[in-house]
Amino acid sequence: MSRFLTQLSVRRVDERDIGKWVLNQPLVYESDVAGETITVPEDFSTDFASVPRWLPLAFAWLGGHGDSAATVHDWLYTTKPVSRRMADMVLREALRASYVARWRIPLFYWGVRLFGWTHWR
């Protein structure tokens, strides 16, 4: 069963920039869909869910939800150990493992499927 083996522990990179965070300790996620355990290392920088600033309504719906899942997804997009499609599937799975509301999960998933290519490159 997919699950987080550690808790997310972060600190702000800069107190003036609320969008950038750094892990205090590794974040470990066991993924069934990827068939492996994913370890995001200590000191990895994340912005959690990268919702464009021009979508304030989406930010209100998604911001602050699924931060652990978004961090794993950021790591997969940064290091590319799997395909982009697999990284997005891991996000969807990790959102479920984080008990994010079921109606929010497709918003995250289709957001990264449609617009994630800009960060994948």
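These legends go with a set of close-up views of the chain. The model is predicted, so local features are kept at a pLDDT of at least 70 and side-chain atom pairs at pLDDT 80 or more, while totals for chains, interfaces and linings use all residues. Residues are numbered from 1 along each chain as its sequence is written, and side-chain values use heavy atoms, with hydrogens and water left out.

View 1. Walking from the N terminus, the order is β-β-β-β-β-β-α-α-α-α-α. Of the 121 residues, 38% are buried (under 20% relative accessible area with a 1.4 Å probe, protein chains only; over 50% is exposed, and in between is partly exposed). Take the contacts (heavy atoms within 4.5 Å) with a separation of 6 or more: 56% of them link residues 24 or more positions apart.

**View 2. Strand E4 and its two partners.** E4 spans residues 27-31, and four of its five residues are buried, so the rest of the structure largely encloses it. It pairs antiparallel with E1 (residues 3-4) over two bridges; pairing takes at least two bridges found by DSSP. In that pair, look for Arg 3 opposite Glu 30. E4 also pairs antiparallel with E5 (residues 36-40), this time over five bridges, and there Val 28 sits opposite Thr 39.

**View 3. The turn between E4 and E5.** These two strands make a hairpin with four residues between them. Check out Gly 35 in the turn: its phi is positive, about 70°.

**View 4. Thr 79 in helix H2.** Thr 79 belongs to H2, which covers residues 67-79. It is partly exposed, at 34% relative accessible area. A polar atom of the Thr 79 side chain lies 2.8 Å from the backbone oxygen of Trp 75. Thr 79 and Trp 120 are 41 residues apart along the chain, with 9.8 Å between their C-alpha atoms.

**View 5. A nonpolar patch on the surface.** Trp 110, Leu 114 and Phe 115 make up this patch, with about 370 Å² of accessible area together. Nonpolar side chains (Val, Leu, Ile, Met, Phe, Trp, Tyr) are joined within 5 Å, like charges within 9 Å, and patch residues need over 30% relative accessible area and no salt bridge (a Lys or Arg side-chain nitrogen within 4 Å of an Asp or Glu carboxyl oxygen). Trp 110 is part of helix H4, residues 105-115.

Technical notes:
A polar contact is a pair of N or O atoms within 3.5 Å; within protein, one must be able to donate a hydrogen and the other to accept it, and residues adjacent in sequence count only if both atoms are side-chain atoms. Accessible areas come from the Shrake-Rupley method with a 1.4 Å probe; for residues, only the protein chains shown count as cover.
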